[in-house]
Amino acid sequence: QVQLVESGGGSAQAGGSLRLSCAASGYTGGSYCMGWFRQAPGKEREGVARIYSATGSTYYADSVRGRFTISQDNAKNTLYLQMNSLKPEDTAMYYCAASTGRPWNSCPGTPAIYSDWGQGTQDTVSS
């Protein structure tokens with residue numbers, strides 16, 4: 001089981017930037033996919049961005065493409081989400097998640113396939 005701890009985020013003005021980090025531990029090898037998800041009050045959890053560990057292939061939701069960037073530092077076992085040009089509708093609880101044993105370059109955005117989750121970090125964007 002992978003342990004995930006998010007940090008960063010907080011509050012920002014519209015048009016501003018925030019950066020999230022997710023420190024991972026307990027990884028035992030093999031291919032995996034890591035992703036950032038968010039959940040706003042009264043809404044379902046949605047995928048924001050994902051990255052396939054072995055290839056570095058990235059995937060984004062249409063709502064954040066061009067504004068958010070997911071990256072990984074394998075030496076530090078850390079996942080990042082750089083969020084630029086923030087909008088009030090980006091306000092949500094953000095979670096990082098991991099899905100181990102993935103098929104090659106398979107990194108779906110469906111929350112159900114991710115078995116390991118961080119505790120979440122609240123990000124608020126004001127207009």
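# A walk through the strands, cores and contacts

Strands, like helices, are DSSP runs numbered from the N terminus, where a strand (E) has at least two residues and a helix (H or I) at least four. The model is a predicted one, in which local features need pLDDT of at least 70, side-chain atom pairs count only at pLDDT 80 or more, and totals for chains, interfaces and linings use all residues. Residues are numbered from 1 along each chain as its sequence is written, and side-chain values use heavy atoms, with hydrogens and water left out.

Strand 3 and strand 8 pair in the antiparallel sense over six bridges; two strands count as paired if DSSP finds at least two bridges between them. An open sheet of four strands runs in the order 1-3-8-7, with antiparallel pairing. Its edge strands, each pairing on one side only, are strand 1 (3-8) and strand 7. On average, neighbouring strands of this sheet are turned by 20° against each other, direction ignored. Here the axes are lines fitted to C-alpha atoms (for helices, over the stretch in contact), and angles run from 0 to 180 degrees between N-to-C directions.

The charged end of Arg19 sits over the ring of Tyr80, 4.1 Å from its centre. For this to count, NZ of Lys or CZ of Arg must be within 6 Å of the ring centre and within 35 degrees of the ring normal. A second case is Arg45, which lies over the face of Trp117 at 4.7 Å from the ring centre.

What lies inside? The largest nonpolar core has 27 residues, and of these Trp36 and Leu81 touch the most other members. Such a core is a set of buried Ala, Val, Leu, Ile, Met, Phe, Trp, Tyr and Cys residues joined through side-chain atoms within 4.5 Å. Buried means under 20% relative accessible area, exposed means over 50%, and partly exposed is in between (1.4 Å probe, protein chains only). The elements giving two or more residues to this core are strand 3 (18-25), strand 4 (32-39), strand 5 (46-52), strand 7, strand 8 and strand 9. Strand 9 gives the most, with four residues. There is also a second, separate core of six residues, including Phe37, Tyr52, Ala97 and Tyr114.

Two of those residues lead us to the aromatic rings. How many aromatic pairs are there? The count comes to five, with rings of Phe, Tyr and Trp (its six-membered ring) pairing if their centres lie within 6.5 Å; planes under 30 degrees apart are stacked, over 60 edge-to-face, and the rest tilted. Phe37 and Tyr114 make an edge-to-face pair, at 4.9 Å centre to centre and 70° between the planes. Phe37 lies in strand 4 and Tyr114 in the loop between strand 9 and strand 10 (116-117), so the pair ties together parts that are 77 residues apart in sequence. Tyr114 also forms an edge-to-face pair with Trp117, at 6.4 Å centre to centre and 65° between the planes. Tyr114 is buried, at 4% relative accessibility, whereas Trp117 is partly exposed, at 26%. Phe37, Tyr95, Tyr114 and Trp117 form one aromatic cluster.

Next come the charged contacts. The whole structure holds four salt bridges, each being a side-chain nitrogen of Lys or Arg within 4 Å of a carboxyl oxygen of Asp or Glu. In one of them, Asp90 meets Arg67, with the closest N and O atoms 2.8 Å apart. Asp90 lies in the loop between strand 8 (78-83) and strand 9 (92-100), and Arg67 in the loop between strand 6 (58-60) and strand 7 (68-73), so the pair ties together parts that are 23 residues apart in sequence. Both Asp90 and Arg67 are buried. Glu46 and Arg38 form another salt bridge, with their closest N and O atoms 2.6 Å apart. Arg38 is buried, with a relative accessible area of 7%, while Glu46 is partly exposed at 34%. Arg38, Glu46, Arg67 and Asp90 are linked in a network of salt bridges.

We finish in the loops. Asn77, in the loop between strand 7 and strand 8, has a positive phi near 50° although it is a residue other than glycine. Ser85, in the loop between strand 8 and strand 9, is not a glycine either and has a positive phi of about 50°.
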